[in-house]
Amino acid sequence: MAGFPFSIYRLDTGEVISAGTCSMFRDVVAQPVAANEICIALALDPALQYVLDGAPAERPALLDKTEWTLPDDGEAVQFPVPENTIVRYEGEASTVDDGAFEFEGDTPGEYRFSIEPPFPYQRQLLRIVVREIPSN
Amino acid sequence: MATLDESPTQFQPLDINTPVVDRNGFPTPVLLRNQQSFKRTILAQAKAINEATGEIELNTARIDQEAEVRAAADNASAILVDRVTAEALGFEAAILMKAEVGINPAGVLARYQIMVSLDPGGTLVNSGMMFDVVSNGGGGYLGQIILDADKVKIGRATTTGTFPFFLESNVLYIENAVIKNLSVGTNKLAYNAATSIVITTPGGLVGPGGLLRDAAIFNEYGAVSIDFSSFLNRPSAGGGNFGYLQIRIARNASQITQRTLFYDDNFAYPVAFTHVDYAPSGLTCTYTATLHNLSGDGNYDMTDSVLRLINFKR
């Protein structure tokens, strides 16, 4: 929809809590904001962006590598994550409290995880394929 | 009193001295007639008819040209008709070009007509253009252009180009249009025309008791359609983690509707519903969608919630 974009972010963290588009500018200035929030006429993607020092910035990505194949890439997938990172697998959530994500799998198949670190990190999808090893 | 000219008006016959031959080169019968008339009465009138006809068996080709002028004390008129016709194999095709002007005390009459027609045996098909300026005393229109056709195309006639304006079977198609101040008068659109729209991006990871999405729209007149969509993640595993949850929609902090859903740690599913709110006109409405747990452990959350608000005419 062509129109007037808006983004609402928290002044204390820069987190974009809402964004969208209005067909009329009068609705941009009518968007609900709380005392610690501000609405700007700019299109920001809450999943990928936040406001840092008053300017749009990219939310950091925790993972450089989001596609793994075992055992080609190693015996296991392991990397550090911030405390209280939420990991979802097939929709079920668990909270990481030991500072690391670990996956060791010997059952062939494809495994998809949603890695949700605390703000300002992005939510990322992790795909791990366990390849079947031919028996000798 | 009319002024009469006693010298006969001279009309030259059509120049059709070139012999007409058929496909085998044999001359065809040609009828050529030139007629002039003049009557000295209270009416001054002159008429000329040029006619060329070629006939072989049942096939006929004919060109008629008529010119007629009339003048009277209270009227004047002039008519010019060109007609080209051909008949063969039961088909009759014709091209008619006609002009007509008239002046009388009641007003004016000026017409022109270009018409092509084909009668393939019982069903007349014609296409043409008519211009009209009818007298104000005749009860008609002052100025009019009529395109009489089953199809009308406007555009550059190329093999690959499209016609941006296209009329077919009484349906008008417009490929591209820049319209200033559009007024749509039928209830096909007018009743459901959107005045303004507000759409949020997907976002939020919200548990029970949280705000899923909120947005505001100015309700100029009519109704506001609230379209909400979200995704219920698979709840955490637990023997008691099943029950009912509720999504509540509020306008300016007053609940206007809700949807009750069942959750279970065995499945996840998308959620989408629409509600139409007949909010007061001239009011900015802030709509909120919130998630509430009604029973069970309530260990679940929803994500990627989108709120779409559309202000309809009614």
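**Figure 1. Strand β15 of chain B has a covered and an uncovered face.** In this predicted model, strand β15 of chain B spans residues 223-232, and its covered face carries B:Val224, B:Ile226, B:Phe228, B:Ser230 and B:Leu232. The uncovered face of the strand carries B:Ala223, B:Ser225, B:Asp227, B:Ser229 and B:Phe231. β15(B) pairs with strand β20 (residues 302-312) of chain B through 9 bridges in the antiparallel sense. Within β20(B), B:Val306 stands opposite B:Ser229. Strand β18 (residues 269-277) of chain B also pairs with β15(B), again in the antiparallel sense and over 9 bridges. Here the bridge partner of B:Asp227 is B:Thr274 in β18(B).

**Figure 2. The largest nonpolar core draws on both chains.** This core has 34 residues. B:Ala215, B:Ile217, B:Tyr287, B:Leu307 and B:Leu309 have the most contacts inside it. On the side of chain A, β1 (4-10), β2 and β4 (49-52) each supply at least two residues of the core. In soluble globular proteins, nonpolar side chains tend to be buried together.

**Figure 3. B:Tyr287 touches residues from several parts of the chain B sequence.** Leaving aside residues up to four places away in sequence, B:Tyr287 touches B:Asp214, B:Ala215, B:Ile226, B:Ile249, B:Ala250, B:Arg251, B:Leu307 and B:Leu309. Among these, B:Ala215, B:Leu307 and B:Leu309 are listed, together with B:Tyr287, as residues with the most contacts inside the core. B:Ile226 belongs to the covered face of β15(B).

**Figure 4. Chain A and chain B meet in a contact.** Chain A gives 21 residues to this contact, and chain B gives 19 residues. In chain A, the elements that give two or more residues are β2 (16-22), α1 (25-28) and β9 (92-96). β2(A) has the largest share of this side, with 5 residues. By residue type, the side of chain A that touches chain B divides into 9 nonpolar, 6 polar and 6 charged residues. β2(A) is also joined by 3 bridges to strand β12 (residues 194-200) of chain B, and the two strands run antiparallel. A:Cys22 stands opposite B:Val198 in β12(B).

**Figure 5. Chain A contains an open sheet of 5 strands.** The strands of this sheet follow the order β6-β12-β11-β8-β9, with mixed pairing. β6 (67-70) and β9 of chain A stand at the edges and have a single partner strand each, so one side of each has no neighbour in the sheet. From one strand to the next, the twist averages 25 degrees. Inside the sheet, strand β8 (residues 85-89) of chain A runs antiparallel to strand β11 (residues 109-116) of chain A, and 4 bridges join them. A:Arg88 stands opposite A:Ser114 in β11(A). Chain A as a whole has 1 helix and 12 strands. Of its 136 residues, 21% are buried.

Figure 6. The mean pLDDT of chain B is 81, and 82% of its residues reach 70 or more. Over residues 1-18 of chain B, the pLDDT is below 50, and this stretch has 28 contacts in the model beyond near neighbours in sequence. Residues 29-33 of chain B also stay under 50, and the model has 13 contacts for them beyond four places in sequence. The model scores ipTM 0.76 and pTM 0.59.

Notes. Residues are numbered from 1 along each chain as its sequence is written. Chains are lettered from A and ligands numbered from 1 in the order in which they are written. This is a predicted model: local features need pLDDT of at least 70, side-chain atom pairs count only at pLDDT 80 or more; totals for chains, interfaces and linings use all residues. Two residues are in contact if their C-beta atoms, placed from the backbone, lie within 7 Å. Ala, Val, Leu, Ile, Met, Phe, Trp, Tyr, Cys and Pro count as nonpolar, Asp, Glu, Lys and Arg as charged, and the others, Gly among them, as polar. Two strands pair if DSSP finds at least two bridges between them. A residue is buried if 20 or more other C-beta atoms lie within 10 Å of its own, exposed if 12 or fewer, and partly exposed in between; C-beta atoms are placed from the backbone. pLDDT is the predictor's confidence in each residue, from 0 to 100. Axes are lines fitted to C-alpha atoms, for helices over the stretch in contact, and angles run from 0 to 180 degrees between N-to-C directions. A nonpolar core is a set of buried Ala, Val, Leu, Ile, Met, Phe, Trp, Tyr and Cys residues joined through C-beta atoms within 7 Å.
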